[in-house]
Amino acid sequence: SLFSVRPVMAEVSWPESTGIQADGGILMDADSGAVLYEKNADQAYYPASITKILTALVVIENCDLDDMVTFSYNAVYNVEAGSSNMGALDGDQLSVRDCLYGMMLASANEAANALAEHCAGSIEAFAEMMNEKAAELGCTGSHFANPSGLNDENHYTTARDMALITQAALANPTFVEIDSALYWKHAPIQRYPDPDDPGNTVYAHHAMLKKNDSRYYSGAFAGKTGYTSLAGNTLVTAAQRDDMTLICVILNGHQTHYQDTKTLLDYGFQNFKSVKVSDYDQSYQSIQNDMTIDG
């Protein structure tokens with residue numbers, strides 16, 4: 001025979017995931033950016049309040065946390081009726097820090113508007129800052145029109161873009177400190193002038209972060225919930241176990257957003273581990289010898 005039979009080293013097959021019921025989703029390793037699972041990851045969907053992850057990142061990078069924010073009439077009332085808020089009224093003043101906690105924990109829309117106006121002068125100018133930041137992070141399928149996730153046909157994102165935005169946010173210690181809190185007591189506002197009024201405390205909405213919730217997920221430490229009738233359920237979750245941090249994004253979930261997230265995080269933690277290439281790649285270790293050419 002002219003051919004010698006040699007054993008072929010087959011690549012380890014990619015583990016199967018049971019998949020998700022939501023329309024779009026992605027699972028990304030936060031450190032490397034490696035995508036472990038994706039479904040319609042480049043399809044545009046309405047993000048709803050997970051938008052506020054980008055809003056928070058832009059504000060943290062451009063504003064002093066101790067600056068005082070004055071709530072305008074527009075900030076308080078340019079929201080959808082019955083949507084999430086922290087009870088602020090026209091003329092209220094809170095620090096940037098208080099507003100960020102209100103926005104990220106209670107998903108307060110008037111806080112998002114007030115931060116945008118404080119940071120950029122207007123909601124429209126702030127949206128430009130959001131789009132510039134998204135482009136800088138490598139987002140290619142998103143366009144943001146407001147800081148809250150208010151329904152707007154020109155306000156959309158993709159699972160991949162949201163994962164990139166979250167990856168950048170998690171690299172910011174201030175963002176993680178705020179977003180991982182379960183509650184925050186802010187300064188008094190007109191509606192609750194007594195500093196000890198329970199109304200001055202905001203609480204996290206993300207069920208996977210709360211140990212007394214049936215949906216609690218061990219290792220989950222940050223993220224953002226979202227819902228509008230147009231967007232469906234949207235959910236971003238970051239979880240860390242051992243040396244691996246995973247980012248899960250769910251878009252247009254149909255009441256299955258928490259189950260879908262658990263499915264993907266379980267899949268990631270059960271099938272993958274994060275290793276240093278130099279410890280596992282022989283050719284890397286002997287690169288000095290490999291590079292010798294003709295003496």
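Author: Let's start with Asn78, which counts as partly exposed at 33% relative accessibility; the scale calls a residue buried under 20% relative accessible area, exposed over 50% and partly exposed in between, using a 1.4 Å probe and protein chains only. Before going on, note that this is a predicted model, where local features need pLDDT of at least 70 and side-chain atom pairs count only at pLDDT 80 or more, while totals for chains, interfaces and linings use all residues. Residues are numbered from 1 along each chain as its sequence is written, and side-chain values use heavy atoms, leaving out hydrogens and water.

Back to Asn78: look for it in the loop between α2 (73-77) and β4 (93-95). Helices (H or I, at least four residues) and strands (E, at least two) are DSSP runs numbered from the N terminus. Leaving aside neighbours within four places in sequence, Asn78 is in contact (heavy atoms within 4.5 Å) with Asn113, Ile123 and Leu150. Now step back 20 residues along the chain to Val58, whose C-alpha atom is 20 Å from that of Asn78.

Val58 takes us into helix α1, being one of its buried residues. Nine of the eleven residues of α1 (52-62) are buried, so this helix is largely enclosed by the rest of the structure. The buried run is Lys52, Ile53, Leu54, Thr55, Ala56, Leu57, Val58, Val59 and Ile60. In an α-helix there are 3.6 residues a turn, so residues three or four places apart point the same way.

You'll find it in the loop between β6 (201-203) and β7, and it counts as buried because its relative accessibility is 4%. Its side chain makes a polar contact of 3.0 Å with the side chain of Thr237; that term means N or O atoms within 3.5 Å, one able to donate a hydrogen and the other to accept it, with sequence neighbours counted only if both atoms are side-chain atoms. A polar atom of the His206 side chain also lies 3.2 Å from the backbone oxygen of Val236. Beyond four places in sequence, the contacts of His206 are Gly223, Lys224, Thr225, Leu235, Val236, Thr237 and Tyr258.

On a 1 Å grid over the protein atoms alone, a cavity is a set of points where a 1.4 Å probe fits but cannot get out, a pocket is an open set with protein on both sides within 12 Å along at least five of seven lines, and lining residues have an atom within 4 Å of a point. Among the residues lining the cavity are Met104, Leu105, Asp179, His205, His206, Gly223, Lys224 and Thr225. Strand β7 gives the largest share of that lining, three residues, and α3 (96-105) also supplies at least two.

Strand β7 (220-228) turns up again at the second largest pocket, where it gives the most to the lining, with five residues. About 290 Å³ of space lies in this pocket, and 17 residues line it, with Ser49, Ser84, Asn109, Tyr227 and Thr228 nearest its centre. The largest pocket has a volume of about 450 Å³. Its lining also has 17 residues, and Trp14, Leu36, Asn271, Phe272 and Lys273 are those nearest its centre.

Two residues are worth a look for their backbone angles. Most residues other than glycine have a negative phi. Asn252, in strand β9 (244-253), has a positive phi of about 50°, and at 16% relative accessible area Asn252 is buried. Gln255 has a positive phi too, near 65°. Gln255 sits in the loop between β9 and α8 (257-271) and, at 63% relative accessibility, is exposed.

Finally, zoom out. The protein has eleven helices and nine strands, and its C-alpha trace spans about 90 × 45 × 35 Å along its principal axes. Of its 295 residues, 49% are buried. Among contacts with a separation of 6 or more, 62% join residues 24 or more positions apart.

Definitions and conventions: Grid points are joined across faces, edges and corners, and a volume is the space filled by probe spheres set on the points.
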